[in-house]
Amino acid sequence: MEIREATDSDADAIRSIAHDSLNSSYTSFLDEETIDEAIEQWYGESFADELADDRTRFLVVERDGEIAGFSQSELVGQQANTGRLLWLHVDPDHRGDATGVRLLVRTREALLQAGADAIQCFVLADNEGGNEFYRAHGFEQAGQRDVEIGDETFTENIYVESDLEDDGEWGAIDELTVDGETIYVSYGEAARGTRAPFYTAYRSEDRRDRYAWFCGNCDSIDNAMDAMGRIECNNCGNRRKATRWDASYL
């Protein structure tokens, strides 16, 4: 899995995924004509301008060379101190394989790196699956707002981080099966790598028994740490420098 910033060449794939995602999850309250109008409005001729806006972030996730999902976020405020995750779409064929969770994590990290000190997520109130997704990954509803889609107005729920630990870390935990073992990855405990962050993995959800480092680039726990705190993934070569050089804790 690779997560990167979107480019102009990704426009067709983004439009296609947004269309398929909306048709998969929203047709109970959005008709096909409204969805088509929304896709054209958001990802049509003006999309190149959106990609060029330095306050807007589009991240895409690739699996086996094909784009499987994307996120759309922005920085708001006079000093860009709030990061807003507006849309997170995953191709229906890639749902349930942690693609959405990893995209959420990396989008959050990208907004924090860009200067945000608070994260908000938005999802239509009628999208039960989307609301449950944010509740299950460290967010709680904090309000609502109206949003226009096509010629209609809908209600969006606003989510903010809820599971902050005593030390201020994001408490979102993800249960994964890696190499036949069940591990619990703490996305709030991250260390910068050359290709992607490393996350702390535990044997149990209560995080009492630290087990390994989870490589955010290739989803491997086959990693080694030396006495200086350097970490290297034996699978993909992702590396973390010695602790004394690591000034970033996402």
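Visitor: Why is Asp219 called partly exposed?

Guide: Asp219 has a relative accessible area of 24%. With a 1.4 Å probe and protein chains only, buried means under 20% relative accessible area, exposed means over 50%, and partly exposed lies in between. The value of 24% falls in the middle class, so Asp219 is partly exposed. This is a predicted model, in which local features need pLDDT of at least 70 and side-chain atom pairs count only at pLDDT 80 or more, while totals for chains, interfaces and linings use all residues. Residues are numbered from 1 along each chain as its sequence is written, and side-chain values use heavy atoms, with hydrogens and water left out.

Visitor: What makes Asn217 buried?

Guide: Asn217 has a relative accessible area of 19%, which is under the limit for buried, so the term applies. Asn217 belongs to the loop between S11 and S12. Leaving aside neighbours within four places in sequence, Asn217 is in contact (heavy atoms within 4.5 Å) with Met1, Arg102, Arg195, Ala196, Cys236 and Asn238.

Visitor: Why is helix H1 called roughly antiparallel to helix H2?

Guide: The axes of H1 (residues 11-25) and H2 (residues 32-43) come within 10 Å and cross at roughly 150 degrees. That angle makes H1 roughly antiparallel to H2, because angles over 145 degrees count as roughly antiparallel, under 35 as roughly parallel, 65 to 115 as roughly perpendicular and the rest as oblique. The axes are lines fitted to C-alpha atoms over the stretch in contact, and angles run from 0 to 180 degrees between N-to-C directions.

Visitor: Which residues of H1 and H2 meet, and what classes do they belong to?

Guide: Ile14, Arg15, Ala18, His19, Leu22 and Asn23 in H1 meet Glu32, Ile35, Asp36, Ile39, Trp42 and Tyr43 in H2. By class, this contact has seven nonpolar, two polar and three charged residues. Ala, Val, Leu, Ile, Met, Phe, Trp, Tyr, Cys and Pro count as nonpolar, Asp, Glu, Lys and Arg as charged, and the others, Gly among them, as polar.

Visitor: What makes the span of helix H4 close to the expected one?

Guide: H4 (residues 99-113) has 15 residues and reaches 21 Å from its first C-alpha to its last. The expected span is 1.5 Å times one less than the number of residues, and for H4 this is 21 Å.

Visitor: Why is H4 described as mostly covered?

Guide: Of its 15 residues, 13 are buried. Arg106 is found in H4, and this residue is buried, with a relative accessible area of 15%.

Key
Helix = DSSP H or I, 4+ residues; strand = E, 2+ residues; numbered from the N terminus.
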